[in-house]
Amino acid sequence: MINNRRILFWFCTIACCGCGHAICGNPSLELVTPSVGTRGCEFKVVARGASLKSIRQVVFYDPGVRCERIETTSDEQAMLHMVADSQCSLGPHAFRLLGDNGFSELRTITISPFPTIQEDKETDKLFVQGNCTVLGTLESDDVDSFQVQAKAGERISAEAVGVRLGVSLLDTTLTLRDPSGLVLKRIDDTPMLNQDPALSTLAPVDGIYTIEITTAGANADADSQYALHIGNFPRPYSVFPLGVRAGCESELSFTSSDMDEADSTQKRIQFDSGLIGTRHIELIENGLICPSPIPFRVSTFDQVRHDADRVGTGDCVLMPPVAVHGVIRKPGEANTFRFAAQHSGTVCLEVFASRLGSLLDAVVEVRDQNGRTVSSGDDFDSHDTRLVFETIANETYAVTIRDKRKNSGANYSYCIEVSPLQSSISAFLPRRNKLSQAGQTIAIPTGNRALALMGVRRDRLEGDVAMAFEGLPEGVSIDCPRIASSAFVVPAVFTCDTSTSTSGSLVAVNATLQSGATKAVGGFEQIVDLVNGPADSIFQMTSLDRMAVATVNPVPYSIEFVKPTLPLSVDGTLEITIQVQRDTGFDAPLDITLPLLPDWVDCQAKTRIPANKDSGTITLRANRAAKAGIWPLVAEGTAGLAESTSETGSTATGLGLRPRRRSADSMTNVCTSLHSLAVCDSPVKGDIDPISVEQGSKVEIACRLELNESVPEKLVATLEELPNRVHVIAVQVMRTDKTVKFQLKIDDDAPIGTFDSVVCRLSGVLENQNVSYSVARNTKLIIAAPGASQKDESGRPLSPLEALRLRKNKQGL
Amino acid sequence: MNLLQLLFESTGWKPMPQQLARLLCPFAVLLLSTNVSASEPKPATGLKLVSLQVEPSTIELRSARDQQTVVVTATFSDGSTLDVTGPATAKIESTGSSSPVVEYVSESFVPKYDGSTIVTFSYSGLDCKAIIRVRGANDQPPVGFRNEVLPALTRAGCNTGKCHGSASGKDGFRLSLFGYDPSGDQFRLTRELPGRRVLLADPENSLVVLKATGTVPHTGGGRIEEGTQAYESLVQWLHEGAKPDGERSIVPVGIDVYPRKSVFSKPEGQQKLVVMARYSDGTERDVTSLAVFLSNNDAAASVSEAGLVDARGPGAAFILARFDQFTQGASIMVRPDLAFECPQRPVHGEIDRLVDDRLKFMHLAPSELAEDETFLRRVTIDLVGLLPTPEEYRQFMQDASTDKREQLVDRLLDRPEVLDIWVMKWAELLQIRTNNGVSQKALRLYDRWLREAVHSGMTIDKIVQKVLPASGGSLENPATNYYQTETTPQLLAENIAQVFLGTRIQCAQCHNHPFDRWTMDDYYGFASFFSQVGYKQAEDPRELTIYNAAEGEMLHPLGNRRVVPKFLGAEMPNLESGKDYRMLLAEWIASNENTAFSKNVANIVWAHFLGIGIVDPVDDMRVSNPPSNPELLAYLAGRVVENGFEIKKLMREICLSRTYQTSTRRNESNQWDEREFTHQKIRRMRAEVLLDCISQATETTDRLPGLPKGSRAVQVADGLAAHYFLTTFGRSNRSTPCTCEVKTSPTLSQALHLLNGETTGGKIKEGNLVGRLLDSASSSEQVARELYVRCLTRQPTDAELKSIDVKLSDYPNPREGLEDLYWAILNSNEFVFNH
């Protein structure tokens with residue numbers, strides 16, 4: 001089969017090398033095969049990608065897995081010798097490759113508790129003994145079959161890891177056949193496992209059972225990996241309650257087989273008080289471990305059960321913060337409980353169900369003690385409901401929860417947390433590219449600067465935010481301004497000493513908001529997409545708490561602004577200059593961008609400084625809606641391919657083949673230091689009366705002016721936004737002039753009509769910087785056919801109605 | 001010597017009888033219309049009059065305005081009928097010494113006094129009687145808007161779509177289309193523009209009257225003549241104040257057309273129709289002069305505005321009469337003017353008996369039985385969508401047993417490919433495709449669900465009962481994907497009516513159906529079964545959850561009143577609180593009692609094998625498009641029910657019938673027949689089957705969208721899957737539930753593709769069949785014979801062999817010549833068509 005994924009990879013690789021700035025030299029990690037290892041064992045994985053020869057380290061975000069040795073076989077492939085500790089947590093572990101040119105994309109290694117075996121495409125039905133994890137690939141319509149032997153009453157379990165491997169959207173289906181070949185079970189998706197299926201059942205008879213895995217979608221190819229846990233391990237479908245209180249011992253019930261079987265396991269667990277949020281637990285039953293940890297909720301709140309604690313009956317009134325657990329057991333059933341607000345304020349009611357593997361599609365309604373609906377809701381990001389509403393002190397509120405589809409069952413469990421609303425703050429790196437992980441790590445060339453756009457999320461908080469960075473690589477400093485309360489992103493400039501060697505680290509970021517008495521501190525939170533689906537949907541992602549920052553090989557140039565000394569006028573322009581410091585022998589062209597400009601200020605998307613040139617200019621334009629103020633200004637430079645670079649030189653010179661110039665591709669981006677850009681109100685005023693002309697005519701247009709002292713003494717005035725075939729000659733004006741007159745020439749075939757966007761531009765040079773200002777914006781120009789224009793005595797163009805009235809008056813009607 | 005003779009002799013052209021008939025037709029009609037009106041109708045010679053009937057036979061006249069026309073029909077020994085209303089004498093019984101209570105004028109009874117009487121009609125020695133009661137002979141009840149004025153406007157064409165019945169009206173005046181909104185029309189006439197349209201002080205000079213009569217400029221010209229009943233009703237209504245109908249006014253509840261059936265012994269003659277309206281108070285009234293008449297086959301019989309049917313040519317026609325919201329029809333049969341002797345042939349089963357009965361009645365002789373080779377190819381393509389293999393050909397041709405056709409059908413029916421054909425057909429009706437948000441995964445699951453259901457023996461009624469009430473995620477329960485095809489109650493209702501009941505109700509969304517019995521109330525009542533379908537995005541972005549929201553009502557666009565769910569053409573269901581309406585609908589649709597469903601299934605199966613439905617198009621069953629053989633359709637529907645909707649049994653019965661096995665060659669008597677199943681139809685293979693047959697004949701495989709290599713085109717799951725060959729040859733993209741989505745009409749691009757495209761030439765090269773046959777030491781003639789058998793399921797004729805031999809001698813390399821022969825066979829009509 002044609003390997004589309006591989007073709008795409010090579011196409012991208014070639015295309016990126018061609019354009020020379022997309023991958024910026026950092027290692028690219030396309031695929032890890034296999035992406036599964038066994039806990040407590042060494043294992044080898046093959047990394048495929050680009051620029052892999054330079055990798056020196058594999059950086060994991062969590063403890064438990066490490067890379068002992070890297071064996072690079074080519075720039076596109078490397079063998080990673082890994083070890084998973086015996087205490088390593090099960091499931092995915094995120095990592096990046098670190099090379100001399102920075103970090104790679106993020107990938108994951110999934111840790112299984114079982115030994116792994118490789119599927120054999122030549123064997124029709126591989127016989128499997130004991131608990132193990134089969135590693136294989138599936139193309140569309142492939143069916144891989146495995147056989148297990150079981151006696152009547154013994155458990156047969158299977159769990160596929162497809163999408164959760166984070167490699168591709170391999171949506172699998174599991175089928176269990178009995179010894180006679182009849183289908184016992186067919187599972188597509190298991191709620192607790194996203195799009196992956198799992199089955200667990202007791203063998204009805206002695207014999208050899210067949211487990212089949214196949215694709216449920218149509219997009220699988222030769223790189224579509226899966227891991228299939230097979231054995232007699234416990235594989236619960238549900239857990240109840242869905243949450244526990246941190247620091248307290250709680251008993252959880254795991255339902256391990258079909259929903260209609262009373263086949264559950266009780267387990268007492270205790271979580272540390274510091275572990276708050278959605279956590280995972282490893283289930284071990286009779287010495288057998290479930291291969292995937294089970295998610296549930298940990299909080300500091302009181303935990304009550306709707307049935308056992310009879311909170312839905314009598315006068316039971318709960319006091320927030322509290323977590324209520326229940327199950328919708330009958331079709332159409334609704335559970336109700338009441339709580340009392342101790343204080344007036346904002347309360348958050350959040351359901352945890354679907355996110356924890358419950359089948360419940362929660363709909364929640366909150367009523368006050370008069371029966372009036374205070375708040376109600378259905379979905380919030382997932383099928384789980386989140387309501388935020390105001391409460392009055394000492395009022396009692398009734399909460400009703402039901403399933404949207406009126407379904408029910410043992411797995412329709414829920415956890416509702418009712419608590420005062422908490423504000424929060426966190427830092428992140430805004431995505432620079434929707435379809436890739438580009439820009440989600442920082443690479444700083446030695447002796448140079450790199451730019452990061454730092455973002456902040458404020459939840460129910462307002463105020464300036466300061467960023468602090470912990471654990472930066474040695475020799476790296478950072479210039480990160482405060483993020484104003486009206487903004488959510490700022491440019492942060494990382495600077496690396498010249499003496500620093502290449503290295504990398506995962507940097508903690510603290511965002512601190514201080515506004516009056518309010519102070520909030522948050523960390524870094526970055527969502528990285530691993531598997532995307534149609535319409536921008538995300539099927540598998542991981543959340544990071546640290547930012548990857550690396551110092552990388554130096555680049556042979558740096559860039560810096562010629563510091564602008566003039567402000568940018570509202571409705572005007574300002575030309576700024578970028579200077580390039582080139583190393584000897586480096587003459588590639590450079591592309592300069594300004595990734596972050598104030599609102600309503602723009603410039604060309606990219607400015608190219610040609611090969612061998614050391615400076616370039618960028619014209620900033622301020623719209624009339626731009627706000628006066630001081631804003632950070634930084635430019636980023638990307639080395640491009642020299643336009644004259646040629647692998648085979650011209651033989652006409654008689655010089656034969658010229659030596660190939662140093663390729664500028666794979667160079668890391670750099671940036672200027674952080675500057676300020678002042679935006680000021682326009683220092684000029686002016687206006688032009690509406691203009692009415694006829695085709696083939698010449699007219700003189702006067703523009704009234706009012707210029708203040710801050711503009712250049714000499715200016716050149718011209719009219720812009722004129723229609724085609726209307727000509728004007730630029731006129732010189734002095735700062736003291738009150739009027740400027742233009743000679744307008746309208747061609748015989750100039751377009752007839754009304755053009756209401758004519759503007760007068762005044763351009764000049766001050767302190768060696770080109771500036772311009774706009775006046776008389778949206779002046780109306782009416783072009784009519786010869787003899788058709790209508791004007792009053794003052795020369796003002798008339799509307800058709802006015803012209804009709806004028807004619808009527810003249811006729812004395 | 002007449003002009004025609006001169007023409008024939010001067011040109012040497014001798015027209016066939018059929019051509020002659022067409023040529024003479026205009027003259028014949030001209031002669032007919034003058035002669036018949038001038039002379040009394042006469043039966044064919046040698047026929048014996050067996051009965052005489054007057055319709056209606058019970059008449060009640062309730063006011064001075066009431067009149068009643070009657071039609072007297074004579075029936076002869078061969079089943080033909082004759083309208084003898086004119087020549088029959090009418091004798092009105094007198095009651096005592098007083099004059100008769102009615103007067104018989106121009107074939108119509110006019111009330112004179114209150115009382116009752118009996119009228120005796122006599123013709124050729126036979127009598128028949130009609131009872132007449134008169135009550136209120138001097139009464140002049142007020143003219144009703146709905147019952148008299150609106151029908152007059154409808155008959156005049158005022159409220160048609162191209163006139164004031166269009167959505168935005170015409171020239172500033174709008175009426176409801178075909179009068180579906182009487183109260184709205186009354187308002188628009190009288191009060192929308194006060195003082196403009198009606199002038200109560202001088203009714204005859206009202207704008208509505210002046211426009212209607214063309215007295216003042218009117219885009220539509222004069223539509224109602226002064227002195228007609230329509231004019232009198234309109235003016236009288238204005239004189240009486242142009243009042244709306246009272247709440248207790250009687251309303252029509254149905255109509256009847258007399259006679260229901262007429263049989264012309266030859267393509268000439270006339271038949272009068274009488275339309276009676278039944279009202280909510282139990283009374284009846286002659287509304288012939290207010291009804292609208294249409295013919296569905298003008299070539300056989302046309303109808304005048306007054307309801308006078310003219311026989312034009314052999315065939316069957318259905319004359320539709322419309323009054324108020326009701327449509328009813330009369331069946332007209334016109335026999336060819338040929339000497340007919342009923343052929344004696346064995347009857348294979350009930351199908352043949354019912355077809356033969358009809359043919360005898362129509363004076364049609366069926367074609368002869370198809371040869372074994374033809375039958376083998378035809379039935380194999382129809383049942384399994386493939387060609388017979390050379391081995392199957394030889395085995396069948398060498399089989400000397402008398403029941404070898406039966407054995408063949410049984411063998412084919414046992415093959416799984418039979419079900420693949422029907423999975424494809426049901427998938428087309430269910431519109432399985434990746435559209436409207438149906439993801440690839442959902443599509444595959446949906447297709448797999450249907451495929452497994454059909455292969456596991458699930459019948460179509462059970463499929464309906466799974467699909468219609470389906471709830472859950474579209475990945476969790478693939479049947480719910482049906483509700484992604486359309487998401488509004490109206491469109492769902494329309495599709496379901498068309499697919500499962502063979503009824504198109506789309507018209508009734510905006511107005512009462514003009515050619516069927518469905519009203520807006522029916523439409524919205526049916527749509528309201530889907531008014532509580534809930535949609536919700538599932539956690540998986542590719543999945544949509546369908547559920548019973550148990551809330552939400554369908555509102556009628558006229559008055560925004562709540563509409564209660566109502567089955568189409570059946571009683572209201574017993575609605576239980578909280579129960580999924582769709583469940584009730586599914587139970588009703590797929591029930592044995594719902595003959596519309598079983599007839600629809602039977603008709604679809606029949607059309608698959610005969611190339612045309614008993615009702616055609618198969619998804620357009622309506623009053624004005626009746627079945628060509630109602631008894632046959634009823635029988636097949638009954639068989640469907642008896643077999644528990646297991647259509648394989650019906651397929652077997654059809655394939656073993658002589659009707660299916662007739663030749664495609666026509667005889668003299670069935671030259672004109674297209675709908676009576678006197679011969680098989682020549683049918684182009686549908687796109688998927690054609691591609692599979694080409695692949696089979698060339699021993700090649702295809703890479704089809706979403707399927708592993710080697711799969712067949714009939715297994716393609718996605719109606720929107722891109723495939724040049726399938727698209728070019730008219731594969732259904734399943735964008736609508738209409739059976740017309742499958743196109744088998746030839747196009748230039750199809751011919752060019754077969755001639756020059758990759759499919760034939762490429763597959764011949766890829767399969768290398770000729771090379772392999774030559775390598776196995778076969779002679780050129782043997783190879784040619786093999787190619788004929790593989791592709792055409794027959795041996796080449798001697799003439800063909802001779803011609804092939806001559807052609808091959810021109811080629812230096814026989815392989816090249818044989819490959820060209822192979823290509824020519826694949827491009828021949830004989831290959832592309834099933835015959």
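In which loop of chain B does Asn768(B) lie? In this predicted model, the residue sits between α25 (758–767) and α26 (769–775) of chain B. Asn768(B) is not a glycine, yet its phi is positive, at about 50 degrees. Its relative accessible area is 23%. That value makes Asn768(B) partly exposed.

Ser124(B) also has a positive phi of about 50 degrees without being a glycine. Its loop runs between two strands, β9 (115–123) and β10 (126–134) of chain B. Ser124(B) is exposed, with a relative accessible area of 57%. The cut-off for the exposed class is over 50%.

Two cis peptide bonds in chain B involve proline. One runs from Glu55(B) to Pro56(B), with omega near -10 degrees. Pro56(B) falls in the loop between β1 (49–55) and β2 (58–61) of chain B. The other joins Tyr258(B) and Pro259(B), where omega is about -10 degrees. Pro259(B) is placed in the loop between β11 (252–258) and β12 (261–264) of chain B.

Chain B as a whole contains 30 helices and 27 strands. Its C-alpha trace spans about 105 × 80 × 50 Å along the principal axes. A compact globule of 835 residues would have a radius of gyration near 28 Å. Chain B has 31 Å, which agrees. Of its 835 residues, 54% are buried. Contacts between residues at least 6 apart in sequence were sorted by separation; in chain B, 63% of them join residues at least 24 apart. The accessible surface of chain B is about 35600 Å². Carbon and sulfur atoms hold 52% of that surface. The chain carries 90 positive and 105 negative side chains. The centres of these two sets lie 1 Å apart.

The largest nonpolar core has 153 residues. Leu383(B), Phe526(B), Ile589(B) and Phe831(B) touch the most other members. A second, separate core holds 58 residues, among them Tyr557(A), Ala588(A), Val601(A) and Leu781(A).

Ile589(B) also belongs to helix α17 (residues 581–589) of chain B. This helix is mostly covered, with 7 of its 9 residues buried. The buried positions are Tyr581(B), Arg582(B), Leu584(B), Leu585(B), Ala586(B), Trp588(B) and Ile589(B). An α-helix has 3.6 residues a turn, so residues three or four places apart point the same way.

Chain A has 2 helices and 67 strands. Its C-alpha trace spans about 105 × 90 × 55 Å along the principal axes. Among its 813 residues, 51% count as buried. Contacts between residues 24 or more positions apart make up 68% of those in chain A with a separation of 6 or more. The accessible surface comes to about 36500 Å² for chain A. Of this surface, 48% belongs to carbon and sulfur atoms. Chain A has 78 positive and 98 negative side chains. The centres of the positive and negative sets are 5 Å apart.

Val476(A) lies in strand β41 (residues 476–479) of chain A. Its relative accessible area of 12% makes Val476(A) buried, because the cut-off for burial is under 20%. Apart from residues up to four places away in sequence, Val476(A) touches Ile444(A), Phe494(A), Thr495(A), Cys496(A) and Thr551(A). Val476(A) and Leu126(A) are 350 residues apart along the chain, and their C-alpha atoms are separated by 54 Å.

Thr391(A) is part of strand β34 (residues 386–391) of chain A. Thr391(A) is buried, with a relative accessible area of 4%. Outside the four places on either side in sequence, Thr391(A) touches Ala341(A), His343(A), Ser344(A), Gly345(A), Val347(A) and Tyr397(A). Thr391(A) and Val374(A) are 17 residues apart in sequence. Their C-alpha atoms are 8.8 Å apart in space.

Conventions
Residues are numbered from 1 along each chain as its sequence is written. Chains are lettered from A and ligands numbered from 1 in the order in which they are written. This is a predicted model: local features need pLDDT of at least 70, side-chain atom pairs count only at pLDDT 80 or more; totals for chains, interfaces and linings use all residues. Side-chain values use heavy atoms; hydrogens and water are left out. A nonpolar core is a set of buried Ala, Val, Leu, Ile, Met, Phe, Trp, Tyr and Cys residues joined through side-chain atoms within 4.5 Å. Buried means under 20% relative accessible area, exposed over 50%, partly exposed in between (1.4 Å probe, protein chains only). Helices (H or I, at least four residues) and strands (E, at least two) are DSSP runs, numbered from the N terminus. The radius of gyration is taken over C-alpha atoms; the globule rule is 2.2 Å times the number of residues to the power 0.38. Contact means heavy atoms within 4.5 Å. Accessible areas come from the Shrake-Rupley method with a 1.4 Å probe; for residues, only the protein chains shown count as cover. Lys and Arg count as positive and Asp and Glu as negative; His and the chain ends are not counted. The place of a charge is taken as NZ of Lys, CZ of Arg, CG of Asp or CD of Glu.
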